[in-house]
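Me: I'd like to learn how to read a structure like this one. Can you take me through some features?

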Amino acid sequence: MSRDDDADRELTFIERARRGQIVDAAIAVIAEEGFRRATFARIAARADISAGLISYHFGSKDELFRHVLSVLEQRFDAEVEEALDGVESYVDALRLLIEVQVRYTSSDRVEALALGRIHGEGSDADGVRPTAADRTSWVDEIESMLSDGQKEGEFVEFDPRPMAATIIAALMAAPGELRRNPDRDRDAYARELADLFVIAA
């Protein structure tokens, strides 16, 4: 039984620290070697622990990587929220949302590389690829922001649903586009993409 299934008690400080160590090692291995090569043995070697200790804390590879994905998404969400803190207009919020996401997901940061590799190499069976429900939720959030901006008179009249879906598609395509063209200026790409949607809105 994994610690995620042990609902009768809270984890101790040592257990939380060990799980954090395993997650950080898994993130590093995924970023450097890819999702498919991130075995318990490689992660254990990176963390300088036994593979059996990983199994003790996470009963299976799928369980570990679902937890890793959750941690990565929480860190990413925190970065976006920090960037948007204090923004006073929907126009600025749209611009910052696009720029921050493009810069983060296309960066060489370990977390960003690992997140991209999980999404790119994982499968539906692994439970780590964005699902249709995930995409719908992302579109819902952008649609709501655009609709609220229209109500405040900051955006022109348009159907916010297809615009939101287009923004999500552009954000998901950006990391691959920038990695295929490593000489392209990432910050300029982020600004130009934000300009495109701000002008359209």
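Me: Which residues does Phe40 touch, not counting residues up to four places away in sequence?
Reply: Contact means heavy atoms within 4.5 Å. By that rule, Phe40 touches Ala51, Ile54, Ser55, Phe58, Ser60, Lys61 and Leu64. Keep in mind that this is a predicted model, where local features need pLDDT of at least 70, side-chain atom pairs count only at pLDDT 80 or more, and totals for chains, interfaces and linings use all residues. Residues are numbered from 1 along each chain as its sequence is written, and side-chain values use heavy atoms, with hydrogens and water left out.

Me: Is Phe40 buried or exposed?
Reply: Buried means under 20% relative accessible area, exposed over 50%, partly exposed in between (1.4 Å probe, protein chains only). Phe40 counts as buried because its relative accessibility is 17%. You'll find Phe40 in helix 2 (residues 40–47); helices are DSSP runs of H or I, at least four residues, numbered from the N terminus.

Me: Which residues of helix 9 are buried?
Reply: Ala188, Tyr189, Ala190, Leu193, Ala194, Phe197 and Val198. Their cover includes helix 5 and helix 8 (160–180).

Me: At what angle do helix 5 and helix 9 pack?
Reply: Axes are lines fitted to C-alpha atoms, for helices over the stretch in contact, and angles run from 0 to 180 degrees between N-to-C directions. Here helix 5 (residues 90–105) and helix 9 (residues 186–200) pack at about 145°, with axes 9 Å apart.

Note on methods
Helix = DSSP H or I, 4+ residues; strand = E, 2+ residues; numbered from the N terminus.
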